[in-house]
Amino acid sequence: MTVAESLNHNWQRFTPLQRLSRFGFYLFIAVALIASLRTIDVIPEFLYDAPEQMADLVSRMWPPDLSYVRPTLKGLIETLHIATLGTIIAIVMALPVGLLAARNVTPNLALNLFAKFVFVTSRSINSLVWALLFVAVFGPGPLAGTLAIAFRSIGFTGKLFAEAIEESNKGSIEALTAAGASKLQTLVWGYWPQVRPSFWSIALFRWDINIRESAVLGIVGAGGVGVALDTALNLLYWDQVAVVLIAIFAVVILAEIVVTSVRARIL
Amino acid sequence: MTPQEPPTQRVAFAPNWGARIGWLLLAIYVVYAGSQLGFSAERFSAGLEHGHRFLARMFPPNFSRWELIASGIVESIQIAVIATFFGILLSLPVGLLAARNLTPVWISWPTRGFIALCRSFHPIIVAILFVKAIGFGALAGVMALIVASIGFISKLFAEAIEEISLKQVEAVRATGAGFLSTLIMGVQPQVLPRFIGFATYQLDSNLRNSTMVGIVGGGGIGAALFTAYQRFDFDVVLAILIIIVSLIMVAEIVSGWARRVFQ
């Protein structure tokens, strides 16, 4: 090859295989989208008066019914308890499963896959559906809601926790093993100090999500501020709905501020 | 020779009293909150008995009404795909407007407020409002999930844009490129892989939520699930749950593949 020829080389960013798979991805998306748009059941007549209906909704919501503040606050406290307790129970359950999922702690493929299956099941069933199941078992009330939040959160916390364990540095673990530490001792003194920051960050992150999720569980009777919301919705008291929505918004924003500031301090 | 300091006693792993007190406070809170919510041993044992009967009625799963389940699942997938596409389409400009390194403060702060508003309400609440505004059906579910997607994607997209290296942007600008060309040639290549990551994550998340908006009338498999639940057909409920879990598993495999393609 002469110098001129090599200078003439046509540089390309991607290999043909990469381009082909990217093209395949775009094609897949396009086909899925077009197929969905063409076959979905939508009643266009409903769309025409949507702006009117929206305006009607807002006019019914304003002004908010301030007498509904008291039951809302009571429900809100219950929601906070559900979210916090649910997160704690989830973490207690997720820790052992997370250890089973981490390939460096549990070098057993069958157990790893079993733990992954637990995570996927926990995450794919929505918290409302978990709540339905627990309402059927424990009856309506915050107990069902707390367990729903807990079971729904196992997958998220456990998966991230297993990833944190897998990323931990081998050096200190080997040092502990060489000093004759037992399996439990390496966990407590070797892995725990390394994963502690990510542990707290995962816990806080999930708590933040759980506050949002637990605010709606009352719709299926699982306690919290959602019960107040559901009552107001069923009675069509939109001015009371507005109170609940404002309260949920305030708490969610507050929780986000708390989580951000605590994370900045511990990380 | 200086007098030797007596060796201080050092414990290899000193107890951390602050942490112990923290754990103790947490334990006290758990007991307090549990009592506030009315948890008791009797309720648990009664619940376990109910749970036994409940599980007995769930098994074996009943797939006999598979046509109903299939049409519900298909509608859920449609809702998820459409909501993800339009959610992402709307998130692109919103995320760009919220990125503090590319847009002036008086645009980025109101946009960030809008994103926070979209994020703070659970999709189910948004779905309830849309069911009121545009009636029952898949469209309400689609709209609710679009709002949820905007809240999630724009935030992460704005953060991704804020972390890009401005050197490449400057280099593209130095060639005389306009704003749009700078975005396409300077910003887009830097954020695309992460963006595909969020997008596939959001598709998974929308798929999960699309199985639920039916509970409040937003279309999809949730309606069939809720009807079966209310009629105590728990074996049908289990069948639907099995199908939802396997659907999500397939979706996770597909999105993992998409992320690898765009690495």
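Tutor: Let's start in chain A of this predicted model, where A:Pro63 sits in the loop between α4 (50–61) and α5 (69–101).

Student: What makes the peptide bond between A:Trp62 and A:Pro63 a cis one?

Tutor: Look at omega: for the bond joining A:Trp62 to A:Pro63 the angle is about -5 degrees, and the bond is cis.

Student: Another loop of chain A, between α11 (225–234) and α12 (238–266), holds A:Leu236. Why does A:Leu236 count as exposed?

Tutor: Count its neighbours: A:Leu236 has 10 C-beta neighbours inside 10 Å. Exposed means 12 or fewer, so A:Leu236 counts as exposed. Its backbone deserves a look too, with phi near 60 degrees, a positive value in a residue other than glycine.

Student: Where is B:Phe232, and what is its phi?

Tutor: B:Phe232 lies in chain B, in the loop between α9 (221–230) and α10 (234–261). Its phi is positive, about 60 degrees, although B:Phe232 is not a glycine.

Student: How do you know whether B:Phe232 is buried or exposed?

Tutor: Again by counting: B:Phe232 has 12 C-beta neighbours inside 10 Å. The cut-off for exposed is 12 or fewer, so B:Phe232 counts as exposed.

Student: How many residues does each chain bring to the contact?

Tutor: Chain A gives 49 residues and chain B gives 48. On the side of chain B that touches chain A, 31 residues are nonpolar, 13 are polar and four are charged.

Technical notes. Residues are numbered from 1 along each chain as its sequence is written. Chains are lettered from A and ligands numbered from 1 in the order in which they are written. This is a predicted model: local features need pLDDT of at least 70, side-chain atom pairs count only at pLDDT 80 or more; totals for chains, interfaces and linings use all residues. Two residues are in contact if their C-beta atoms, placed from the backbone, lie within 7 Å. Ala, Val, Leu, Ile, Met, Phe, Trp, Tyr, Cys and Pro count as nonpolar, Asp, Glu, Lys and Arg as charged, and the others, Gly among them, as polar. Helices (H or I, at least four residues) and strands (E, at least two) are DSSP runs, numbered from the N terminus. A residue is buried if 20 or more other C-beta atoms lie within 10 Å of its own, exposed if 12 or fewer, and partly exposed in between; C-beta atoms are placed from the backbone.
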